[in-house]
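Subject: Structure for you to look at

Hello,

Please open it first, then read on.

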Amino acid sequence: MGATLGELAVRFGCELRGDPSVRIDRVATLAAAGPHELAFLANPRYRPQLATTHAGAVVLDSASAASNPVASLVSGNPHATYARIAAVLHPVPQAPAGVHPTALVATGAHVDPSAHVAAYAIVGKDSRIGARAVIGAHCIVGERVTIGDDSRLVARVTLLDGVTLGERCLVHPGTVIGSDGFGLAPDRGTWVKVPQVGSVRIGSDVEIGANTTIDRGALDDTIIEDGVKLDNQIQIGHNTHIGAHSALAGCVGVSGSTVIGKRCMIGGAVGLAGHLTLADDVVITGMSLVAHSITEPGVYSSAFPAIDARLWRRIVGRTRRLDILADRVKALETRAPGAGSGPDAKRSDDDD
Amino acid sequence: MGATLGELAVRFGCELRGDPSVRIDRVATLAAAGPHELAFLANPRYRPQLATTHAGAVVLDSASAASNPVASLVSGNPHATYARIAAVLHPVPQAPAGVHPTALVATGAHVDPSAHVAAYAIVGKDSRIGARAVIGAHCIVGERVTIGDDSRLVARVTLLDGVTLGERCLVHPGTVIGSDGFGLAPDRGTWVKVPQVGSVRIGSDVEIGANTTIDRGALDDTIIEDGVKLDNQIQIGHNTHIGAHSALAGCVGVSGSTVIGKRCMIGGAVGLAGHLTLADDVVITGMSLVAHSITEPGVYSSAFPAIDARLWRRIVGRTRRLDILADRVKALETRAPGAGSGPDAKRSDDDD
Amino acid sequence: MGATLGELAVRFGCELRGDPSVRIDRVATLAAAGPHELAFLANPRYRPQLATTHAGAVVLDSASAASNPVASLVSGNPHATYARIAAVLHPVPQAPAGVHPTALVATGAHVDPSAHVAAYAIVGKDSRIGARAVIGAHCIVGERVTIGDDSRLVARVTLLDGVTLGERCLVHPGTVIGSDGFGLAPDRGTWVKVPQVGSVRIGSDVEIGANTTIDRGALDDTIIEDGVKLDNQIQIGHNTHIGAHSALAGCVGVSGSTVIGKRCMIGGAVGLAGHLTLADDVVITGMSLVAHSITEPGVYSSAFPAIDARLWRRIVGRTRRLDILADRVKALETRAPGAGSGPDAKRSDDDD
């Protein structure tokens, strides 16, 4: 699936600085690329590698192109342009149309003739599989499930009854969509299960990583809008609503009835408490706890970075004794010359 | 599976304020419910929706019933009563008795004639599947496994050799029970695997979410008592013992040899260090680290809620320099008038 | 598979204090072991149980052996010696050579005649399964995968195209290796998927727990060196490199392009930010965030242990107001007798 630099420049709207007849076969890193491989430079961290690259060409911005010793494909957004070129050079193999003899498709399910249903997959009754969709090996598609055109369940994906998945979605192995939400009513020291009668509706162009779980709604549906990207091992509680084009990194936990706005970026292992709302364009850095609604776009954090363990233990002790330290400061203020009259006395720390 | 309000009131011991002949078909939210749907009000957060509901009836407490514009089913515990009614209105479809032709049941396994074993499931030798139990599609049940009456493995559940599951349990897809614990002995810079020869014993009325993992014991068994509720993506280390009716939210990690008391509630993504004990009725709020045993019932926390990232970075810096701030306060106390004679001087912060 | 104490002492190089003819059938805890069972003592926490043990023998060090009321197998490393003896007493059942009739092995795949491929497993074309390897039930092995001699995929493991696994590896159920990394390029408020064209190379003697995920590299491969031990529910991002004999506890999240040195120990639920490097022999305690590279061996931490929730809320408030407290201390210093002349004034806290 190779292409010449000239073809790539035209197709992807790049300015080419170099020989248009050079053939590119695949992509590689700046450090490893050879004369028929394409590299890219987007993260300034890797700029030092540019000087010694042997790539056939590099996708980069015009500022970096000046110091590029090899051919340049100049783009206003090198990372996105590189991604699009890489998808052309490394196409996902087309799965053949048809249903594998070991796949079980229920009577009453509709599988588009152009779709692929792989070995040991199961498709339940009244489900619909769209054109060119791929149901990978060992996938379980429950009853009344809809999978849109060109969506791909890589393998071993579980979609329980009633789940809807849009077009061009990509779901990685081990992911479970539509499991019961964690709905429990306390009753005299025990728990009564609350039936989870909603479902999950997922838009188009959504990617979902491996071993992620998305619970069905208790009453209304759990909703994932178009273009959302979920990494591996994410837990999405029931009735959650995630706005379009938000991206959640690995191991994020979203409690029930949480509303996440559009274009949010949630760092790895962040936890979101339930029944709260995040505005559009909110960024949460890794391992933070979101305990309250956030109404303004911006970047939010709450994790401490690791330091020497003995020093950290001292800090934990100091922090726990902050009340005492504050009391000592207050006592000093009381005894100090001019106590109570300074401007700082108004900024009392003792009112909680 | 509908019912009249009169039937529901009698069966679930509610006081009915409204027309007993009204037919209810299903449950819905206060906001979405129509005249043949039942809503409930338990969380005060949703009380404002009561005024405009069009539900056929609402399950609520007597205090709220006064301001309910539609029929009321009055209950001392509206959430639990609602849950029980919803289970009647939305019954889990009964799986037909029998073993699917593609399921593999080993010689020497005993499957009750009323049980259901679905497509591509595997049941190993010397295992016992109880009456009306459901072994969903793609489940793997190892050897010498016991599954009690009326328990249900939804689909794609893995129960490894020797695991015991009680009655009326519900296990969601992707969950693995009985995998080896993380037992390693260090030996000159490498690790020697410690065989994990215990198993997992799970009581009755236990629900386990999707993609949760419960390791088998190293020597003794890992034990989950009756009525425990585990959410998705929980990790339970080997030799853990979880007391009856405790509930663990998603993404909790329990290290090995941890003992959790009865009726504990563990918030999402909490981490419990190993070889410690939690008393009965302990509540841990989300994303806390439990590093020591807790001997008294109560609520425990250790996570900071996220705030503006720049402000947070300042706080991280301030916190790391708490030693210096405390030294400065001490120096002030030394120099202050009457230093050393005030009551606060006895509450020194410098003794760790 | 029993053995006499004399046989065990010779085979494992222990000093035997006791009757060499006593037969040992299996291992058990100090508390539970009977006269034909072997216990061990490595953790001083369990030393009090030694006085009342009824074990046939105990593996322990010479210091503890003096107070052992039963037979001793004295070892310089009791835990490792115990582990090796337990592996002999409790061997993993040998899977019979051959391919189950329901397994699907592609034309062009090479399965060693001594290997075992279990029910409903799939092996893709151009893959190689080594001698005595076990591909458990429901495993999916993609195309061009290499699995070394004596490696064992317990069941329901997913190895995607091109993954390489060394010899004597052990992989537990639900684990996914070779799923796409989370590579996204932002483009005008949406995301462009970056093709993940690298793979995953795993060395020998690696153990990987249940429901763990290891992403394939974006360009270069994700690499796990020999002897690495990964617990359950770990997430390994693309391009990660984990050095030999490092051990990661459950629920750890490793972001992309992270380099972890040799013999590191990463506690449960630790998060590692991306594009950073950990030196050899680094220990991170549970639930810490590693946000920067660590260049020196040692122990590092950043998590607070949980305390009473009301007290914790006060501490959160105090911590957030540390700027104010520092300002008040500064004001006191300005007003104090001899202000500015003391040694502590040089250790200003206000320079960030």
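**Chain A against chain C**

The contact (heavy atoms within 4.5 Å) takes 79 residues from chain A and 70 residues from chain C. Please note that this is a predicted model, where local features need pLDDT of at least 70, side-chain atom pairs count only at pLDDT 80 or more, and totals for chains, interfaces and linings use all residues. Residues are numbered from 1 along each chain as its sequence is written, chains are lettered from A and ligands numbered from 1 in the order in which they are written, and side-chain values use heavy atoms, with hydrogens and water left out.

Chains A and C bury about 6400 Å² between them, and carbon and sulfur atoms give 61% of that. Buried area is the accessible area (1.4 Å probe) that two parts lose on being put together, summed over both. The interface of chain A and chain C has 5 salt bridges. A salt bridge is a side-chain nitrogen of Lys or Arg within 4 Å of a carboxyl oxygen of Asp or Glu. One of them joins A:Arg84 to C:Asp187, at 2.7 Å from N to O.

On the side of chain A that touches chain C, the elements giving two or more residues include α3 (78-89), α4 (309-320) and α5 (322-335) of chain A. Helices (H or I, at least four residues) and strands (E, at least two) are DSSP runs, numbered from the N terminus. α5(A) gives the most, with 9 residues.

β40(A) also pairs with β39 (residues 298-301) of chain C, antiparallel, over 2 bridges. Two strands pair if DSSP finds at least two bridges between them. A:Asp308 has C:Tyr300 as its bridge partner in β39(C).

**Chain B against chain C**

Here 70 residues come from chain B and 79 residues from chain C. The buried area is about 6400 Å², 61% of it on carbon and sulfur atoms. The salt bridge count is 5. Among them is B:Arg318 with C:Asp323, the closest N and O atoms being 2.6 Å apart. β39(B) and β40 (residues 307-308) of chain C run antiparallel, joined by 2 bridges. B:Ser301 stands opposite C:Ile307.

**A sheet in chain B**

Chain B has an open sheet of 10 strands with parallel pairing, in the order β9-β12-β15-β18-β21-β26-β29-β32-β35-β38. β9 (104-105) and β38 (289-290) of chain B each have a single partner strand, so one side of each is left without a neighbour in the sheet. Within the sheet, B:Val123 stands opposite B:Val141 in β15(B).

Best wishes
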